[in-house]
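Please keep the sequence and the structure in view while reading.

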Amino acid sequence: MVGTYTVAAISGSCGFLLGGTLYGYYLCCKAHKKKKNVYETSKLVDEYMYLHYGSPQASTHADWYNNFQIKDGFDFPLRCAIFCDKYCPKEPRSTESRRALDIGCAVGRSTFELSQYFEEVIGIDYSQAFIDQCLLLKEKKILDFSIVSEGDIYEKHTTTLSSSVNVDRVKFQVGDACNLPKTLGKFDCVLAANLICRLYDSMLFIKRLPELVKENGILVLTAPYTWLTSFTPKVGLLFYYILFSFLMILGEGMVICAVGTFFSFLH
């Protein structure tokens with residue numbers, strides 16, 4: 001998605017987006033503040049470490065992973081970073097540093113990998129535990145973690161940052177994707193991987209994106225579109241659920257319609 005929007009296009013569409021989300025935002029935020037962040041446990045941190053940095057060859061189930069092609073599920077954050085570099089325009093004559101933002105960075109694999117292609121990379125996540133893990137890995141460059149193999153049996157793993165990762169280019173901070181700081185500035189690339197259906201008001205996040213992506217920059221969204229009510233209460237998307245359910249449009253189509261107001265599509 002390329003940021004070829006204009007001020008007029010943003011102004012003309014905000015009424016539609018606001019009309020569908022203002023009341024939902026109040027109700028969602030009210031419910032949101034009462035909930036604990038499920039991503040603060042050490043168990044979830046270790047599981048996400050495995051999702052980001054795990055290798056099928058290092059697992060006790062390596063043969064099973066290989067036989068059933070489950071190995072293709074590994075290194076997804078790495079592939080996201082490579083995808084960002086592939087589609088992000090490069091301006092050889094530009095003197096400005098290329099900037100990337102990884103929103104919902106979890107334990108940071110994509111953020112670290114993006115440092116190979118961008119001079120400044122910021123990773124933001126709502127979980128303090130995730131960000132603490134990112135900062136620890138940035139400092140130590142090697143970390144141990146354990147995941148359940150089966151029952152009460154744990155298997156230990158170690159991850160080491162690639163020598164091609166430039167940690168001096170990387171920053172991490174805790175933040176709410178639906179209420180990002182106004183001081184972030186603009187980025188050549190914004191990545192939001194598996195985030196859009198984990199927010200208490202996805203439309204608030206979508207509305208902020210034009211302010212974050214530079215002219216001719218790219219926005220990369222990936223999502224399973226599970227829309228679990230434990231993360232995204234239906235009331236927050238009530239207008240859109242009714243409209244798109246009536247039109248038989250799936251979640252992907254809903255997001256494309258909303259984002260397409262500000263961006264044109266590349267891939």
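Helices (H or I, at least four residues) and strands (E, at least two) are DSSP runs, numbered from the N terminus. The model is predicted: local features need pLDDT of at least 70, side-chain atom pairs count only at pLDDT 80 or more, and totals for chains, interfaces and linings use all residues. Residues are numbered from 1 along each chain as its sequence is written, and side-chain values use heavy atoms, with hydrogens and water left out.

**Overall make-up**

- The protein chain holds nine helices and seven strands.
- Of its 267 residues, 46% are buried; buried means under 20% relative accessible area, exposed over 50%, and partly exposed in between (1.4 Å probe, protein chains only).
- Among contacts in the chain with a separation of 6 or more, 74% join residues 24 or more positions apart, where contact means heavy atoms within 4.5 Å.

**Helices α2 and α6**

- Helix α2 (residues 42-53) and helix α6 (residues 128-140) have axes that come within 10 Å and cross at roughly 55 degrees. Axes are lines fitted to C-alpha atoms, for helices over the stretch in contact, and angles run from 0 to 180 degrees between N-to-C directions.
- The two helices are therefore oblique to each other: angles under 35 degrees count as roughly parallel, over 145 as roughly antiparallel, 65 to 115 as roughly perpendicular and the rest as oblique.
- On the α2 side the contact is made by Leu44, Val45, Tyr48, Met49 and Tyr53, and on the α6 side by Ala129, Phe130, Gln133 and Leu137.
- These contact residues comprise eight nonpolar, one polar and no charged. Ala, Val, Leu, Ile, Met, Phe, Trp, Tyr, Cys and Pro count as nonpolar, Asp, Glu, Lys and Arg as charged, and the others, Gly among them, as polar.
- Threonine 159, in strand β4 (residues 153-160), is buried at 6% relative accessibility. Leaving aside neighbours within four places in sequence, its contacts include Met49, Tyr53 and Leu137.

**Helix α7**

- Ten of the eleven residues of helix α7 (residues 202-212) are buried, including Lys207 and Arg208.
- At the start of α7, a side-chain oxygen of aspartate 201 lies within 3.2 Å of the backbone nitrogen of methionine 203.

**Glutamate 113**

- Glutamate 113 belongs to helix α5 (residues 109-114) and is buried, with a relative accessible area of 7%.
- Its side chain forms polar contacts with those of arginine 109, at 2.9 Å, and glutamine 116, at 2.5 Å. A polar contact is a pair of N or O atoms within 3.5 Å; within protein, one must be able to donate a hydrogen and the other to accept it, and residues adjacent in sequence count only if both atoms are side-chain atoms.
- Beyond its neighbours within four places in sequence, glutamate 113 is in contact with Leu78, Ala81 and Val165.

**Positive phi and a loop residue**

- Most residues other than glycine have a negative phi.
- Asparagine 194 has a positive phi near 55 degrees; this residue sits in the loop between β6 (187-193) and α7 and is partly exposed at 38% relative accessibility.
- Asparagine 216 also has a positive phi, about 70 degrees; it lies in strand β7 and is partly exposed, with a relative accessible area of 40%.
- Threonine 229, in the loop between β7 (213-222) and α8 (238-246), is 9.8 Å from leucine 199, C-alpha to C-alpha, and 30 residues from it in sequence.
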